[in-house]
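Student: Please take me through how to read the cores, strands and chain contact of a model like this one.

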Amino acid sequence: MPTCAVVTAKFENYVARDTESHGMLLRYAYPPYPVGWMSKEVLRDYVEADDPVTGKPLMQEMVHALTLPLTDDEKNPKVAQRPKRPRLLKKDTIENYKKMFIENGWTDGMPIEIPTEEKVEEMLTGTDHAPDEIVGMMSVTTHEERYTYTVEKVAVNAVMAGARPEHFPVILALAASQEPSMPSSTTSFGRMVIVNGPIRNQIAINCGSGAFSPFNFANAVIGRAYTLMSFNFGNARINENFTATFGNVTNYNNMFAGENEEESPWEPLHVEKGFGPEESTVSLFRGWNVNHLGMSIGGMRYSDRMLEVVNGLKSMLPGGTFVMDPLVAKNLKDQEGFRTKEEFRQWLFERLNKPDGPFMRPPSLNMVVVGGEWNPMFTTTDFVYTQTVSIDKWIPENGIRMDAKPIRMPSPVTCKDGTCGIR
Amino acid sequence: MSDNDVLENVLDPVGQPSGIFGRVSDPTSKNTGVVLDPYRQPTQDLASMGGQLMAPRLDGLEGKVVYLVETGFHGAKDFMDQAAGWFARNMPSVKIESRSTQGMIFTDDPALWAEIEEKGDAAIVGVGG
């Protein structure tokens, strides 16, 4: 069937890249960008004017796309096959490597640890899995070629992020999700990552005071490694296939934290999702809005206030996740009688005024307990839960590979088994 | 170690091309699309895509049935309405059939493609972006 694809001029390079990588040619016509939120008069001008890419009348381009005979190139499309990449980079100076990693878009722009074989081999002691084992494949787009990555590739990115072998099982679990931290969308996705289970305390993941702030080594480097993997496995290229119009500040470390299971009055998130309480997992959430200042005001019950906030949170996806300090969770249970997260979820669900839709069902509402009990506050997000991945399969049989003296930032992590505040 | 020291064992951080590409979401999916669904990883490889050739073009559009398909991006329907108006004013012999894809913007609509294949001569699909 002769077809003309109409794509706004802003996306000319984007679709050209797609066409090239798929080896299937299409004929395009390009109206100006945007067409959304434009009056009918403006859109009529568009169809009467030239295609801004070709400089020829737009509608004529559409007619020609359907009627001009195919060229030889169009009759014989070639699939662009990307070459396999060498394992090692060309030898160079450290100074040049530092520039190279930044200039090639392999980092977030902040300093990295250069991934030498020695550093990577050390990182690989953080798991028993073979370096050449394929962990998964990923793309930040819905349509472009996926890149595969091995345990060793994950280790390279973990080294670059500044992680230690003790963090490696969590980073491998994130890689195994096959879900990039920042999917490409003009709408600028944000991300939240929540760890559950014993590993939180074993490697001192912050679940308490300032868990989302830069006061914890594990939270910082694991969250950053997830972003680096999205560059290097998801192949995120700004203005090429990564089209976030202003981006999202959570992309730096992806709101990486642990759930404060010890202070939560409810069952942990991962148990809700079908994992055992002694399993360690990482759960992923994606959305846009993070509304931090959540308080009960004027004597309102927390449930009523939270319902009010989530109802006012406009989003593209009818779902959401509350992140609440343990004091809020305890209040909801002890003062308001919500014995479980599920009871609160059902109560909210019955009162939400969002339009019905495929996501509009109770599981689209989630609750995570994080915080240091300095203030009974909650954060309202429009993040939808996507998946929970086991960390345990990546932990060495002999246990997490700890440094002789694990690195810990000054603020001790609050935990009840006494293992996490090492310093 | 100084910045001028030379290293010859630095590893490439980038993944390897897989030859596996994405595709649109399953039409029965409840997933609202802007999502990379890890449970439905794409399986289109280069071999399966290599045989997809462009269809031969028409000699002209006079008297032909052209489907104008809007895929749900904001403004697409209004734009296609204007395109339909252009055909009415400038190529009135072309029979325009205007359609919207079902579901959300990234959902496939095989029933519509079947209809176009059966009843149409050409299609203009958009507006992307």
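**Cores, strands and contact**

Tutor: The largest nonpolar core has 93 residues, and A:Val154, A:Ala155, A:Ala158, A:Ile171 and A:Ala225 have the most contacts inside it. Helix α10 (residues 217–232) of chain A gives the largest share of this core, 10 residues. Apart from it lies another core, of 34 residues, including A:Leu58, B:Leu68, B:Ala76 and B:Phe87.

Student: What is a nonpolar core?

Tutor: A set of buried Ala, Val, Leu, Ile, Met, Phe, Trp, Tyr and Cys residues joined through C-beta atoms within 7 Å. A residue is buried if 20 or more other C-beta atoms lie within 10 Å of its own, exposed if 12 or fewer, and partly exposed in between, with C-beta atoms placed from the backbone.
This is a predicted model, where local features need pLDDT of at least 70, side-chain atom pairs count only at pLDDT 80 or more, and totals for chains, interfaces and linings use all residues. Residues are numbered from 1 along each chain as its sequence is written, while chains are lettered from A and ligands numbered from 1 in the order in which they are written.

Student: Which residues does A:Ile171 touch?

Tutor: Contact requires C-beta atoms, placed from the backbone, within 7 Å. Not counting residues up to four places away in sequence, A:Ile171 touches A:Val154, A:Ala158, A:Ala163, A:Ile222 and A:Ala225.

Student: Why is strand β13 of chain A largely enclosed by the rest of the structure?

Tutor: Helices (H or I, at least four residues) and strands (E, at least two) are DSSP runs, numbered from the N terminus. In β13(A), residues 384–390, five of the seven residues are buried, so the strand is largely enclosed. Two strands pair if DSSP finds at least two bridges between them. Strand β8 (residues 281–287) of chain A pairs with β13(A) in the antiparallel sense over six bridges, and A:Arg286 stands opposite A:Val384.

Student: How many residues does each chain bring to the contact?

Tutor: Chain A brings 85 residues and chain B 61 residues. On the side of chain B that touches chain A, β7(B) gives the most, with seven residues. Strand β1 (residues 3–7) of chain A pairs with β7(B) in the parallel sense over five bridges, with A:Val6 opposite B:Gly126.

Student: Where is A:Met38 placed?

Tutor: A:Met38 is in the loop between β2 (27–29) and α2 (40–48) of chain A. With 19 other C-beta atoms within 10 Å, A:Met38 is partly exposed. Not counting residues up to four places away in sequence, A:Met38 touches A:Leu43 and B:Gly75.

Note on methods: Contact = placed C-beta atoms within 7 Å.
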